[in-house]
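Colleague: I am new to this structure. Could you show me how to read its features, one at a time?

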Amino acid sequence: MTADAAPVVAESDVVVVGGGSAGVAAAVSAARNGVSVILVERYGCLGGMASGGMVLVLDDMANGREVTVRGLCTEYISRLDKLGLAKYPGPDEWGADPVSVRRWTRWGASDFHFSGTPKPICYSVAFDPDGWKRVSLDLVREAGVRLRLHSWSAGVVMEATRVTGVRCLTKAGFQELRGQVVIDTSGDLDVAAAAGASFVHGRYLVTTVFRLGSVDVEAAERHWDEQPREAAMLNRRAKLILGGAWENWWLRTPLPGVVWCNCPHLSGYDGIDPESQTAAEIAGRDRIYALVDYARSALPGFERCFVVDVAPQLGVRQTRLLQGEYVVTMADIAGRRHFVDSVARGRDYYTPYRALLPREVEGLLVAGRHYSAEPQAQRVSREIPPCMSMGEAAGAAAALAVEQNVAVRDIDVAVLRRRLRAQGHDPGDVPSANASPASED
């Protein structure tokens with residue numbers, strides 16, 4: 001069967017393509033606002049980079065002491081906490097107190113935007129990837145979302161310039177899903193690009209993330225405290241073997257004896273080229289196993305370590321970026337520019353609704369790391385919490401468009417923001433004290 005002959009197997013008000021964090025947020029938000037939703041995911045689980053990519057710290061969600069990413073992100077944290085699968089510092093531990101810094105740095109709770117050392121502790125959450133999968137599935141089922149796993153986005157259905165559905169490749173062949181509104185949360189702009197929306201092709205680091213087990217974390221940390229010069233020398237050697245890593249290349253996880261390694265950093269690879277992706281997977285695994293040999297022989301606390309798992313999804317940070325009704329710039333991010341149509345937030349920056357709208361295509365919203373931004377701006381605004389914030393806004397916007405029978409670009413943003421506030425989300429309608437004046441440009 002060819003893609004053009006694909007049977008229509010399901011219809012709904014809203015179709016969300018991509019079951020990562022932004023996609024789950026979009027699907028649940030839309031369903032909770034009273035519309036029927038289909039969520040399409042290519043893998044056998046939900047969570048995207050947070051689960052399959054094993055990016056195991058939520059950050060970029062607090063402006064000083066003000067928590068700016070709320071709503072479904074907060075709900076995830078609460079549910080993970082109840083399962084014993086989340087760890088984070090309380091407000092009384094935020095800041096540069098040496099005891100707090102000593103306790104929380106290895107949990108990834110350092111403010112990575114701070115230029116000095118030691119880096120102060122901020123609101124960040126370490127979590128377990130399988131816990132994230134579980135919470136994602138619970139939220140989707142409770143909201144009544146129709147879930148279709150093992151379905152690869154493989155094209156769009158259009159009427160003139162309006163997207164009316166998507167084609168998916170499955171083990172049963174090509175299948176077609178129809179909807180009044182489609183939300184592209186694929187991470188790589190798969191739907192919007194296929195529909196003819198403008199984009200730029202960015203490129204950034206990719207990572208084959210892994211976890212190590214049977215690590216004596218207390219012994220490893222004690223070595224850092226008691227032999228800092230020797231520990232620093234051994235750490236430099238580990239980073240050379242990895243070929244690139246953050247200063248703290250291993251971090252604690254909620255699982256005893258298991259550490260998270262958000263490395264090796266691999267540059268020069270293209271996250272939407274299968275040959276390049278294959279090469280990155282191989283190069284990453286070679287470096288991981290070389291690191292394990294070194295760690296067992298040289299690093300205190302790692303003598304009995306072993307590879308628990310390597311992330312099943314390559315950690316891709318940037319590929320296609322939408323060039324939408326508004327393109328967020330680095331000046332917008334660095335200047336904390338507020339927008340009159342802000343609907344989502346990150347740390348201390350704001351995302352306008354226009355950045356979720358393709359210029360040339362109707363019936364389509366975009367949410368996640370492929371939103372409309374300059375490549376440099378996206379690099380500092382692509383963390384999981386702000387992507388979830390965009391997804392939650394897009395889902396509510398799609399529901400509003402269906403309810404009012406208007407195009408997604410014609411909804412009343414003021415009504416949307418009131419709805420988002422009512423569901424616990426911070427759309428950025430009330431700017432923080434350090435925001436720059438609102439801009440419509």
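Colleague: Which hand does the crossing of H7 and H8 have?

Modeller: This is a predicted model, so read each value as computed from it. The crossing of H7 and H8 is right-handed.

Colleague: At what angle do H7 and H8 pack?

Modeller: The angle is about 160°, and the axes lie 8 Å apart. Angles over 145 degrees count as roughly antiparallel. H7 and H8 are therefore roughly antiparallel to each other.

Colleague: Which residues of H7 and H8 meet?

Modeller: From H7 come Leu234, Arg237, Ala238, Ile241 and Leu242. They meet Arg287, Ala290, Leu291, Tyr294 and Ala298 of H8, the helix of residues 274–298. By class, this contact has eight nonpolar residues, two charged and no polar.

Colleague: Now another pair. How do H2 and H4 pack?

Modeller: H2 covers residues 72–82 and H4 covers residues 129–143. Their angle is about 120°, with the axes 10 Å apart. That makes H2 oblique to H4. The crossing of H2 past H4 is right-handed.

Colleague: Which residues line the largest cavity?

Modeller: Among them are Ala220, His223 and Trp224, then Ala231, Leu234 and Asn235. The lining also includes Trp249, Trp250, Leu299, Pro300 and Phe302. Helices H6 (217–226) and H7 (228–242) are the elements that give two or more residues to this lining.

Colleague: How does the lining of the largest cavity divide by class?

Modeller: It has nine nonpolar residues, two polar and no charged.

Colleague: What about the second largest cavity: what is its volume, and which residues line it?

Modeller: Its volume is about 30 Å³. Val28, Ser29, Arg32, Leu72, Glu392 and Gln423 line it. Helix H1, residues 21–32, gives the most to that lining, with three residues. The classes come to two nonpolar, two polar and two charged.

Colleague: On to open space. How much lies in the second largest pocket?

Modeller: About 290 Å³. The lining of this pocket has 22 residues. Ala62, Gly64, Asp111, Cys122 and Arg347 lie nearest its centre. By class, the lining divides into eight nonpolar, seven polar and seven charged residues.

Colleague: Now the backbone. Where is a peptide bond cis?

Modeller: The bond from Thr117 to Pro118 is cis, with omega near -5°. Pro118 sits in the loop between helix H3 (98–104) and strand S7 (125–127). Another cis bond joins Cys263 and Pro264, where omega is about 5°. Pro264 is in the loop between strand S16 (259–261) and strand S17 (265–266).

Colleague: Last one. What is the phi of His150, and where does His150 lie?

Modeller: His150 has a positive phi of about 55°, although it is not a glycine. Look for His150 in the loop between strand S8 (146–148) and strand S9 (152–159).

Methods
Residues numbered from 1 in each chain as written. Predicted model: local features only at pLDDT ≥ 70, side-chain atom pairs only at ≥ 80, totals over all residues. Heavy atoms only, no water. Axes fitted to C-alpha atoms, helices over the stretch in contact; angles between N-to-C directions. Helix = DSSP H or I, 4+ residues; strand = E, 2+ residues; numbered from the N terminus. Parallel < 35°, antiparallel > 145°, perpendicular 65-115°, else oblique. Left-handed = near helix turned anticlockwise from the far one by under 90°. 1 Å grid on protein atoms, 1.4 Å probe; cavity = no way out; pocket = protein on both sides within 12 Å on 5 of 7 lines; lining within 4 Å. Nonpolar A, V, L, I, M, F, W, Y, C, P; charged D, E, K, R; others polar. Points joined across faces, edges and corners; volume = space filled by probe spheres on them. Contact = heavy atoms within 4.5 Å.
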